[in-house]
Amino acid sequence: MARGHSDWMAGRAYLQVDAGRQRLRGLLAEADVLYDNFRPGVMERWNLGWDALHACNPRLVMLRMTGFGQFGPSAGRAGFGLVGDHAGRLPAAFAEANIT
């Protein structure tokens, strides 16, 4: 089931406090994979970057998926679904193909 925006914001706010970060580290000590879709640098700012998490769990695989990549001129931009669609000209491609 997809989480709602308010749930996502509550989870993000929880990671901004030490108790939330400690809880996540505890969970990740036994986890296999962490999926991160924050803007580049956010996890590092919270001391939850690759180096810190790998030290807690050397088996951990960290997948980072951002709208505009980890590096480059647009890396800091937020990449939400509609932003990505429009940056990739998806609506225009549908219009050109007469797809509705």
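Which strand does Asp36 lie in? Select it and you will find Asp36 in strand E1. Helices (H or I, at least four residues) and strands (E, at least two) are DSSP runs, numbered from the N terminus.

**Before you go further**

You are looking at a predicted model, in which local features need pLDDT of at least 70 and side-chain atom pairs count only at pLDDT 80 or more, while totals for chains, interfaces and linings use all residues. Residues are numbered from 1 along each chain as its sequence is written, and side-chain values use heavy atoms, with hydrogens and water left out.

The protein chain has a mean pLDDT of 75, and 64% of its residues reach 70 or more. Contact means heavy atoms within 4.5 Å.

**Stop 1: Asp36 and its partners**

Go back to Asp36 and show its surroundings. At 3% relative accessibility, Asp36 counts as buried. Buried means under 20% relative accessible area, exposed over 50%, and partly exposed in between (1.4 Å probe, protein chains only). Leaving out residues up to four places away in sequence, Asp36 touches Met43, Met62, Leu63, Arg64 and Met65.

Asp36 and Arg64 form a salt bridge, with their closest N and O atoms 2.8 Å apart. This pair links distant parts of the chain, since Asp36 is in strand E1 (residues 33-36) and Arg64 is in strand E2 (residues 61-64), 28 residues apart. A salt bridge here is a side-chain nitrogen of Lys or Arg within 4 Å of a carboxyl oxygen of Asp or Glu. Side chains of opposite charge can pair when their charged atoms come close.

What is the relative accessible area of Arg64? The value is 26%, so Arg64 is partly exposed.

Glu44 is partly exposed, at 38% relative accessibility. With the three side chains shown together, you have a network of salt bridges linking Asp36, Glu44 and Arg64.

**Stop 2: within helix H2**

How many salt bridges does the structure hold? There are three, and one of them joins Arg21 and Asp18, where the closest N and O atoms are 2.3 Å apart. Select helix H2 (residues 18-28) to see both residues, which sit three residues apart, about one turn of the helix. Is Arg21 buried or exposed? Arg21 is buried, with a relative accessible area of 13%, whereas Asp18 is exposed at 54%.

While Asp18 is selected, draw a C-alpha to C-alpha distance to Asn47. The two are 29 residues apart in sequence and 9.9 Å apart in space.

**Stop 3: an aromatic pair**

A pair of aromatic rings is described by the distance of the centres and the angle of the planes. Rings of Phe, Tyr and Trp (its six-membered ring) pair if their centres lie within 6.5 Å; planes under 30 degrees apart count as stacked, over 60 as edge-to-face and the rest as tilted. The count comes to one aromatic pair: Phe38 and Trp46 are edge-to-face, 5.1 Å centre to centre with 85° between the planes. Phe38 is buried at 12% relative accessible area, and Trp46 is buried at 9%.

**Stop 4: the nonpolar core**

Trp46 leads on to the core. The largest nonpolar core has 13 residues, and those with the most contacts inside it are Leu28, Leu34, Met43, Trp46, Leu48 and Leu53. The elements giving two or more residues to this core are H2 and H3. A nonpolar core is a set of buried Ala, Val, Leu, Ile, Met, Phe, Trp, Tyr and Cys residues joined through side-chain atoms within 4.5 Å.

Which residues is Leu53 in contact with, leaving aside its neighbours within four places in sequence? Select Arg25, Leu28, Leu34, Met43, Leu48, Leu60 and Met62 to see them.

**Last stop: Gly67**

Finish at Gly67, in the loop between E2 and H5. Gly67 counts as partly exposed, at 45% relative accessibility. Gly67 and Arg77 are 10 residues apart in sequence and 7.4 Å apart in space, C-alpha to C-alpha.

Terms used:
pLDDT is the predictor's confidence in each residue, from 0 to 100.
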